[in-house]
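Subject: Structure handover

Hello,

Please find the structure below. My notes on what was found in it follow.

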Amino acid sequence: MNGESVVFWVTAIFSVVGALGLVVSRKAVHSALWVAFAMVNLAILYFMLEAPFLATTQIVVYTGAVMMLFLFVLMIVGVDSSDSLIETIKGQRAIAIVLGLAFGVLIIVGITATASPTVIGLVNENIGYGGNVQGLAHLIFGRYLLAFEATSALLITAVLGAMVLAHRERWAPRKTQSELSRERTRSGQVTPLPNPGVLARSNSVDTPALLPDGTPAQASLPTQFQSNPDDGVKEVTS
Amino acid sequence: MNPNNYLVLAGILFTIGAFGVLVRRNAIIVFMSVEMMLNAANLAFAAASRITGTLDGQVVAFFVMVVAAAEVVVGLAIIVTIFRTRRSASIDEANLLKY
Amino acid sequence: MTAALIGLPLLGATVLLIGGRRTNTWGHLFAVTMSASAFFVGLGTFVSMLGRPAEERAVNQHLFDWINVGSFQVPFALHIDQLSMAFVLLITGVGTLIHIYSIGYMEHDANRRKFFAYLNLFIAAMLLLVLADNYFLLYVGWEGVGLASYLLISFWQHKPSAAVAGKKAFVVNRVGDVGLSLAVMLMFTTFGTVTFDGVAASAGKASSTSVTWIGLALLLAACGKSAQFPLQSWLLDAMEGPTPVSALIHAATMVTAGVYLITRAHAIFDLSSTARTAVVVIGAITLLLGAFIGTAKDDIKKGLAGSTMSQIGYMILAAGLGPVGYAFAIFHLLTHGMFKAGLFLGAGSVMHGVHDDVNMRHYGALRNVMKITYATFGLGFLAIIGIPPFAGFWSKDEIISAAFGQNFIVGLATLIGAGVTAFYMTRMMTMTFFGEARWQDDVHPHESPSTMTVPMIVLAVGSVFGGMALKFIGNIDAWLEPVVGHGDPAKEVSNTVLIPVTLGVVLLGAGYAWFKYGRRPVPLVAPSNVRLLTRAARADAYGDALNEAIFMRPGQYLTRSLVWFDSKAVDGSIVGLASVIAGVSSQGRKLQNGFARSYAATMLGGAVLIAVILLLVRL
């Protein structure tokens, strides 16, 4: 019952809970948050495993950068979108459960069937190299230099790929400022519209502002709520 | 403290990640499950590094992280592109290669 | 020179068949010329043969080495001796007469040229059969006449009954041909040679069982070709062919090939009493069967066919009596060739006059309008029933006396046969030529042209004088003796008793027929409520029904079951295999449902499998 085992059991349970939360959450954003939670716990575990550099990189790169990327994309896709948890492919859930259990049991049996190994520990290594980071640097720029160069090429390719994929072709030439101003003058609405809430009389989004002569200004309503001025105010559902 | 515990934990996390890939329909959640699987592998590498007393396991885990980051970049770009055309992020929609 | 005998008619057949319609105008005359020249060549050979002493009369002409395979040596050689000389004269003589007859008979047929080509082909094949020097070459001629018979029976191809009859004749003949093939093979294995001289020389050294089996196989062949029991069913159907065909092939020549075979193979039969007994039994059965069938036939040609069957039964019976009977068989063969051909030509002439109607119930009182036909038919009739001094009396009585010398029952059978022969021939004669005219509407019977009547007259002369000429002038026993051996006359019964008894039986039969058919009017339609025996005779003694039940039906069932098996089991297994594969693949393709998650599940499954294998290997 030493400190290491206590920390291990707590963080292990938390990371498993996080993983399960990822799988069963309805909303995508919740899943992302559970994943981040699990990853932080894993970073703690890395600290326990005498891998401080790895733990820091885990938090900074994984939780920081990768999960943020996920959240940005979620925002593009639709933050509110929630999946129904009804399975559409017949038998998929059953197969998934069976295979998952089988795999898990196999891995665990395979691991625990061996006798518990003696831990050599990395303390001497770290001292020998003059620190964990130095040791890793020795190896990365030494023995694994080729892999390092290859991954750098990979990163460049990934960036290029993202740029190509996310590129939106512009079909019409970009409107210059003079064109824009000419359009505005022609349309009659030269000045920008007031920001939301500037002429508001109430908190409700569907209450229009009043023009100086007292008539409701349909332009102050969000597009969804604009109605024909002759029919009175009525909601238009999109 | 049996060092095998870390490996068992890695196995459990991997299994949960695999289950998530199979069960969820939202492409982004599937992707996150894949990230979970990669993390489990990283954990296993780090534990093995400690057991054997060499730093090679950590180096490999580091590289895994790099590659995972690159993969996320491209993968999410693909998802965004698909979402733009189809207005849906469900991976079941991409079933045109059926019989 | 002997080769010219075969070569001339063969040339005729070839020219007419290859020349085609271009030869239509002169084809028949060319064929007649070929046949007649063959007759003259034969006559010349006969004269030269007479000039030589008896021991030197046989001539062997080797044309070329035909089959040369190891120890199986078969030369293409012709052998002409007294026996084959008799046949050559019969074939070419009667053949030429029938060729001339056919000019008039087939005048209105568009395919007359083809008819003559087939007739020439038949003459060539039959001559090859009798001139062959070994059993194998004889087989070639045997098959050739079978082919010619098939072509000629089904000559009027547009008639389905003719086509069926030709097929039936060929198939039944084939059964007999199996016997000849077996005999040739057995001869080769037993004696090492198939030539007549070779077999005769080594016949004594073989075991009696093999000789018996060879004899029985030859008997089977003879039954097929000569329409003996149990292969007799084709002969009556063969009357579908034109009448000249019936006269030449199915009366005078082809059906006698069986008798020739047995006589030629006398060396075999002399050594095996079992085979000889079988031959006698078959001959006796057939002579009674043929006579029995002939009594109830209203079709004039079918009646004459039954008569042919019966007379050949006599010949076969005589040939089975051993050396004492061979000469009588050939004697009766020659006389029968003349009077039966004459009877058939007469029937053809009658049919020609009544618009090709074969039903005797539509004849009657034709003696006043067809005088020449009446005279020639009548002379043939007297010959066949055995009234002295006509031809049939001399030959048939020899057979009856030799039969009594062998066995009383066999002799009795021949005697009864003679009586029944007289009965049905008299019936035929009265129904056709006597009584009142029962002609159908717009039938005006008239005499036939001279191309038809002249051959009939020639054959009638043969029917009258042929028997006496062959016995007294030609001395046929002595003539054939160097070939067939000498018979033991002590076995014969005295003629002074036999001849009056035979004549009495004959007159009894004739008188009974005259009483039944000559005195009372003949009904136009055959009466239907008749005795069982009459019904049996009308149905050819149920020969066809027996054949169908014993052979055809099982064969049909076998074929049908094989077809079912083939379509269900063989095809079914192949098609079933294909549909199994198709079913499996159509189920298998459902794995490709397009969902990435299913594929991910498959991947995980594979990973589980690999993990299991790794663990098993480790553990």
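In chain C, among contacts with a separation of 6 or more, 81% are between residues 24 or more positions apart; two residues count as in contact if their C-beta atoms, placed from the backbone, lie within 7 Å. This is a predicted model, in which local features need pLDDT of at least 70, side-chain atom pairs count only at pLDDT 80 or more, and totals for chains, interfaces and linings use all residues. Residues are numbered from 1 along each chain as its sequence is written, while chains are lettered from A and ligands numbered from 1 in the order in which they are written.

Confidence

The model has an ipTM of 0.92 and a pTM of 0.66. For chain C the mean pLDDT (the predictor's confidence in each residue, from 0 to 100) is 88, with 99% of residues at 70 or more. Within chain C, helix α5 (residues 135–153) has the highest confidence, at a mean of 93, and helix α20 (residues 476–484) the lowest, at 78.

Chain C

Chain C contains 24 helices and two strands. These are DSSP runs numbered from the N terminus: helices are H or I, at least four residues, and strands are E, at least two. Of the 619 residues in chain C, 53% are buried. A residue is buried if 20 or more other C-beta atoms lie within 10 Å of its own, exposed if 12 or fewer, and partly exposed in between, with C-beta atoms placed from the backbone.

The largest nonpolar core has 199 residues, and those touching the most other members are C:Phe122, C:Leu127, C:Leu218, C:Ile330 and C:Ala341. Helix α15 (residues 323–353) of chain C gives the most to this core, with 17 residues. A core here is a set of buried Ala, Val, Leu, Ile, Met, Phe, Trp, Tyr and Cys residues joined through C-beta atoms within 7 Å. Leaving aside residues up to four places away in sequence, C:Ala341 touches C:Val94, C:Ile98, C:Ala247, C:Leu248, C:Ala251, C:Ala252 and C:Leu459. A second, separate core of 82 residues includes A:Tyr62, A:Leu139, B:Met37 and B:Ala40.

Chain B and its contacts

The contact between chains B and A takes 63 residues from chain B and 69 residues from chain A. On the chain B side, α3(B) gives the most, with 21 residues. That side divides into 41 nonpolar, 16 polar and six charged residues; Ala, Val, Leu, Ile, Met, Phe, Trp, Tyr, Cys and Pro count as nonpolar, Asp, Glu, Lys and Arg as charged, and the others, Gly among them, as polar. Chains C and B also touch, with eleven residues from each. In helix α1 (residues 4–23) of chain B, 16 of the 20 residues are buried.

Backbone points to check

Most residues other than glycine have a negative phi, and most peptide bonds are trans. The bond from C:Phe229 to C:Pro230 is cis, with omega near 5°, and C:Pro230 lies in the loop between α8 (208–225) and α9 (233–237) of chain C. Another cis bond joins C:Pro388 and C:Pro389, with omega about -5°.

Positive phi values occur at C:Asp356, near 60°, and at C:Ala365, about 55°. C:Asp356 is in the loop between α15 and α16 of chain C, and C:Ala365 is found in that loop too. C:Asp356 is exposed, with 10 other C-beta atoms within 10 Å, and C:Ala365 is partly exposed, with 15.

Regards
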